[in-house]
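Biologist: I am new to this structure and would like to go through it step by step. Could you take my questions one at a time and show how each answer is reached?

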Amino acid sequence: MKLSQKGVDFIKSHEALRLKAYQDSKGVWTIGWGHTKNVHPGDVITREQAEQFIRDDFAWVERTLNADLVTGRDKPLVTQNEFDALCSLVFNIGSNAYLESTVRRKIKQGDKMAAARAFKMWVYSEHKFIQGLANRRADEVRLFLQSGQADIAALLLGMMMAGAAVLVAMIFVM
């Protein structure tokens with residue numbers, strides 16, 4: 001499977017484009033849309049270089065997910081929307097973290113709703129809750145669950161993950 005254009009746009013919307021190297025929340029030198037390979041203080045790139053970096057970065061994300069969920073199977077374990085959401089997660093947390101994750105384990109067990117709930121485990125950086133990560137995970141869950149009948153469930157789960165549990169409770173009371 002390949003990351004769709006919808007998935008590319010989704011990830012870009014959650015990664016700020018920076019043409020000058022900066023240190024992320026963990027102190028990792030970063031440039032472009034979250035690119036970290038061979039980045040040094042003072043590096044400056046063009047938008048075209050940032051586009052190439054993100055395409056290169058998507059390649060390792062796709063390889064990770066394809067090896068795990070697609071290759072050697074009659075049918076992939078995930079839909080395109082699920083794949084795109086997982087690409088966003090893996091791009092953000094890394095392949096090793098994904099391979100050890102509950103998200104992965106639940107997908108392999110065939111429990112996609114539990115996998116969707118497990119996205120919320122990835123809202124911390126250095127043991128600190130990060131609202132931006134919570135927002136991103138909620139958006140990833142909505143994308144992950146977009147497949148017809150699951151759209152309403154995706155919306156409700158995403159709202160809960162973003163801290164809107166009161167609103168969900170109001171919906172159920174009505």
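Biologist: At what angle do H2 and H3 pack?

Modeller: This is a predicted model, and in it H2 passes H3 in a right-handed crossing. The axes of H2 and H3 lie 10 Å apart, and the angle at which these two helices pack is about 115 degrees.

Biologist: How many residues of the contact of H2 with H3 are nonpolar?

Modeller: From H2 the contact takes in Ile54, Asp57, Phe58, Trp60, Val61, Glu62, Leu65, Asn66 and Leu69, while H3 brings Phe83, Leu86, Cys87, Val90 and Phe91. Sorted by class, the residues of this contact include one polar and two charged, and the number of nonpolar ones is 11.

Biologist: How far apart are the axes of H1 and H3?

Modeller: Helix H1 covers residues 5-14 and helix H3 covers residues 80-93, and H1 passes H3 in a right-handed crossing. They pack at an angle of about 35 degrees, and the distance between their axes is 9 Å.

Biologist: Which residues of H3 does H1 meet, and how many residues of that contact are charged?

Modeller: On the side of H1 the contact is made by Lys6, Gly7, Phe10 and Ile11, and these meet Asn81, Asp84, Cys87, Ser88 and Phe91 in H3. By class, the contact of H1 with H3 has four nonpolar and three polar residues, and the charged ones number two.

Biologist: Which element gives the largest share of the lining of the largest pocket?

Modeller: The largest pocket has a volume of about 960 Å³ and is lined by 30 residues, with Glu15, Asp24, Phe91, Asn92 and Ile93 lying nearest its centre. At least two lining residues come from each of E1, H2, H3, strand E3 (124-125) and helix H7 (131-144). The largest share, four residues, is supplied by H7.

Biologist: How many charged residues does the lining of the largest pocket have?

Modeller: Divided by class, this lining has 11 nonpolar and 10 polar residues, and the count of charged residues is nine.

Biologist: Which residue takes a positive phi in the hairpin of E1 and E2?

Modeller: Strand E1, residues 18-23, pairs with strand E2, residues 29-32, in the antiparallel sense over three bridges, and Arg18 stands opposite Gly32 in E2. Five residues lie between the two strands of this hairpin, and the residue with a positive phi, near 85 degrees, is Gly27.

Conventions. Residues numbered from 1 in each chain as written. Predicted model: local features only at pLDDT ≥ 70, side-chain atom pairs only at ≥ 80, totals over all residues. Heavy atoms only, no water. Pairing = 2+ DSSP bridges. Axes fitted to C-alpha atoms, helices over the stretch in contact; angles between N-to-C directions. Left-handed = near helix turned anticlockwise from the far one by under 90°. Contact = heavy atoms within 4.5 Å. Nonpolar A, V, L, I, M, F, W, Y, C, P; charged D, E, K, R; others polar. 1 Å grid on protein atoms, 1.4 Å probe; cavity = no way out; pocket = protein on both sides within 12 Å on 5 of 7 lines; lining within 4 Å. Points joined across faces, edges and corners; volume = space filled by probe spheres on them.
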